[in-house]
Amino acid sequence: MSFKVESGTVSIPKGASSATQSFSEDHKSIPVVTISGDDNQNVFVSDISFTNFVVNSSSDMGITVYFQALSRF
């Protein structure tokens, strides 16, 4: 079984509580996305599709979020 792995960062700007990130890879199945933030804020993923996902934060203070996406192809 082969997997496609993608990683990167998403910046949620100050004053916003979410940001949409497009995948740069062509995923053939909906990826599993894991995230971690660089600050003490709650962050979570929603609305994962073949082409993008949404990162949400419990605060509107701005944060950089690191992600990894894994899918089969």
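**Entry 1: overall make-up.** I am working with a predicted model, so I keep in mind that local features need pLDDT of at least 70. I looked up the elements and found 0 helices and 6 strands. Read from the N terminus, the order is β-β-β-β-β-β. I then checked the radius of gyration, which is 12 Å; the globule rule gives 11 Å for 73 residues, so the protein is as compact as a globular protein of that length. The C-alpha trace spans about 40 × 15 × 15 Å along its principal axes.

Entry 2: The accessible surface is about 4,500 Å², with 48% of it belonging to carbon and sulfur atoms. Among contacts with a separation of 6 or more, 63% come from residues 24 or more positions apart.

Entry 3: Which strands make up the open sheet, and in what order? I found 3 strands in the order 1-6-3, with antiparallel pairing. Strand 1 (3-12) and strand 3 (32-37) are the edge strands, each pairing on one side only. Neighbouring strands here are turned by 20° against each other on average, direction ignored. I followed strand 3 to strand 6 (residues 63-72) and counted 6 bridges in the antiparallel sense.

**Entry 4: around strand 5.** Next I turned to strand 5 (52-57). It is joined to strand 2 (residues 18-22) by 5 bridges, and the two run antiparallel; on that side Ser-22 stands opposite Asn-52. Strand 4 is joined to strand 5 by 4 bridges, again antiparallel, and there Val-43 stands opposite Ser-57. I also checked burial: 5 of the 6 residues of strand 5 are buried, so this strand is largely enclosed by the rest of the structure.

**Entry 5: the turn.** What lies between strand 4 and strand 5? The two form a hairpin with 5 residues between them. Asp-47 sits in that loop, between strand 4 (43-46) and strand 5 (52-57). Is Asp-47 buried or exposed? Its relative accessible area is 60%, and Asp-47 is therefore exposed, the cut-off being over 50%.

Note on methods
Residues are numbered from 1 along each chain as its sequence is written. This is a predicted model: local features need pLDDT of at least 70, side-chain atom pairs count only at pLDDT 80 or more; totals for chains, interfaces and linings use all residues. Side-chain values use heavy atoms; hydrogens and water are left out. Two strands pair if DSSP finds at least two bridges between them. Axes are lines fitted to C-alpha atoms, for helices over the stretch in contact, and angles run from 0 to 180 degrees between N-to-C directions. Buried means under 20% relative accessible area, exposed over 50%, partly exposed in between (1.4 Å probe, protein chains only). The radius of gyration is taken over C-alpha atoms; the globule rule is 2.2 Å times the number of residues to the power 0.38. Contact means heavy atoms within 4.5 Å. Accessible areas come from the Shrake-Rupley method with a 1.4 Å probe; for residues, only the protein chains shown count as cover.
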